[in-house]
Structure formats: C-alpha cells, structure tokens
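Let's take a walk through this one, starting with charged pairs and ending with a bit of sheet. Have the viewer open and follow along.

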Amino acid sequence: MSNRMRTTLTAAACVFVLAACGGGNQTAARQGEGTGQPARELAGDVKVDGSSTVAPLATAAAELFAEQQAKVRVTVGTSGTGGGFEKFCNGETDISNASRQIEAEEVAACKAKGVNYAEFTVANDALTVVVHKDNTWATCLTVDQLKKMWSPGSKVTTWDQIDAKFPKEPLKLFGPGTDSGTFDYFTDVIVGEEGKSRTDYSPSEDDNVVVQGVAGTKGGLGYFGYTYFEENADQLKAVQIDSGGGCVGPSAQTAQDGTYQPLSRPLFIYPKAASLKRPEVLAFVEYFVANHKQIAEDAKFIPLNPEQEGLLQGALTKLKAAAGG
C-alpha cells in the first residue's frame, strides 16, 4: 500500500473516497474470489468511520474492492473509535472501525436506536511505543516505567526521573486524543484504568501528528499502531517492552504469538445487520472477510492467526442470518 493512503489521514475530518477509474462502461464486475457473491455489477455507497488506526486497513479493503466493483463508493472517515461508534449507533454509518472492543455505554446507545451489529476481528496490531531516532538510552522500558510517565498527576519531566542512568533530557509526551481506541487500550493496560492519563501531553486523533511530534523532539515519546511505526521507521525508534518476562519488541510474530505484552491487540470492524440488506454493503463486507489476509498485508498490518480466522467467518454467518440474508 502506498504512503499516500496514510499520510492523507487527518483526524475527525478525513474522508477517503474509493472508486476505480475507467470502470463505468463495464457490464459486469467480478467479485473477489471466495466471497460467494454473483458476478454482477453493483452500485451505491458504503459509509465507514471510526478508528484512525484501523482506517488504513479499511482503506486498503476499499481500494481492492473498487477494482472489482467500480460503481460502489466506499468512504472511510477517521473520527476515532469513540466518535465512530457515536455515528454508528446514530445510524449514520454502515461499518464502524475500532481499535478496541465496543464498550457498555456504546452497546446501550446502539440498542436504544435498534442498531444490531457483529464484531469482526480483521487484523492484529502491536501498539508501538516510539522515541526519537537519536534516543540511545531508552531501548527497553518496563510497564512500570511507562506507568510512571503516563499516570494522572505524574510530575516526571525529564528522562533521568525514569531511570538514574538516563540523561537529564526533557521528556515530551505525545499520544492519541481521548476519543481514540488506542488511548483507551494504552491507558487500560499501562496505567491500569481505561481513560486515565496525565493531561499535560500533546494529544491528537491523527497518528501522523504524533509521529511528527516525536520525530521533532529528541526527548519525545509517543505511542500508536505498528503500521505508523513501519511507515516512519527511518525517523523513529521502537522501544522494547518488559512486562516481567524480559524485553520484547513489536513485530508480526510477537503480536500473533502473544509474547509482545501487554501491547499486542486485535483490530475490529463492526458491520450493521440492517446495512447488509443492501447488496453493495454485503458484497464489501464479504470481500473484506474473504480477503482479510491480503488486505492486512497490503495495509502493513499483522494478519489473523488460524483461530481468529475461524471466528471471523462464523461472525459473518451469524450477522447475515440476523440480517435475513
């Protein structure tokens, strides 16, 4: 997948419109292999919104799908996991992207509006802690050290306050905003309570802003999805994490085998049952499920393991039944 896909993401206001060019004269379009859909041309809109972390994955799916169905217009917004669920439960979108599972209040909001859905795990991620390229001291950090940095009320302002062996370099923190599922996940597993964090850091719903902040600050530290680190590995360094069993770095292997703890995580999409009654939405969701491995690889995410693959297909079957399909 090209850098264009991610570098044009902007928080809350960013919308991708995926449509293949030159396909308007086709009389029929072939669906992706394995979708089970008839080889017929479809048209219409599919509205997707939510996590900026998952957006590149959904965008890759939409671009590949557009090669098969040129007249289906898929838009992918990035209002954050929380913002995406708000739109989803209000009936504004067909699919909600999420970098964490839907929460109780969001479940209640959807139920109140009669919105039925299913949870699809579509890829894995290794939430990555990054520092400036010239940072030679923080090669591995413990969970307790990260907690000391990020806990509410933390007074840590220099690196030597984390470890006396570190230099007295000013510590500048960058991270996602409070609407982000990445923020929710990180605060839960690092700080110990979801949504609890020191507030004197530089927040943004756009992961590229976090990248730029850390890359421009020698004492900077931030966190975001593994994809964004891979895209910017020339100007950032990934920190290994020690959760009690030794230092482990983020990678596809450590995310899939569970050794990168506690920052490996699944990524989700939440399709709406009612939307599957529209053939263009059903075709897109089935394409996503059937081609999840290629989509994850194209978007530079970590594919599902075999157990997750089986659960994904089962979730689609159940949602289609709920939609009457």
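Start with E231 and K300, which form a salt bridge whose closest N and O atoms are 3.3 Å apart (a salt bridge here is a side-chain nitrogen of Lys or Arg within 4 Å of a carboxyl oxygen of Asp or Glu). The pair links distant parts of the chain, 69 residues apart: E231 sits in helix 8 (residues 226-231), and K300 in the loop between helix 11 (292-298) and helix 12 (306-322). Helices (H or I, at least four residues) and strands (E, at least two) are DSSP runs, numbered from the N terminus. E231 has a relative accessible area of 17%, so it is buried, while K300, at 35%, is partly exposed. The cut-offs: buried is under 20% relative accessible area, exposed is over 50%, and partly exposed is in between, with a 1.4 Å probe and protein chains only.

Before going further, keep in mind that this is a predicted model: local features need pLDDT of at least 70, side-chain atom pairs count only at pLDDT 80 or more, and totals for chains, interfaces and linings use all residues. Residues are numbered from 1 along each chain as its sequence is written, and side-chain values use heavy atoms, with hydrogens and water left out.

In total, the structure holds 11 salt bridges. Another one joins K87 to D49, with the closest N and O atoms 3.0 Å apart. K87 lies in helix 3 (residues 80-89) and D49 in strand 2 (residues 44-50), so this pair ties together parts that are 38 residues apart in sequence. K87 counts as partly exposed because its relative accessibility is 27%; D49, at 7%, counts as buried.

Next, look at E106 and R100, whose salt bridge brings the closest N and O atoms to 2.8 Å. Both of these residues are buried. Shared partners join R100, E103, E106 and D184 into one salt-bridge network.

Three strands make an open sheet in the order 7-12-13, with mixed pairing (two strands pair if DSSP finds at least two bridges between them). Strand 7 (140-142) and strand 13 (247-248) stand at the edges with a single partner strand each, so one side of each has no neighbour in the sheet. Strand 7 pairs with strand 12 (residues 240-242) in the parallel sense, over three bridges, and T142 stands opposite D242 in strand 12.
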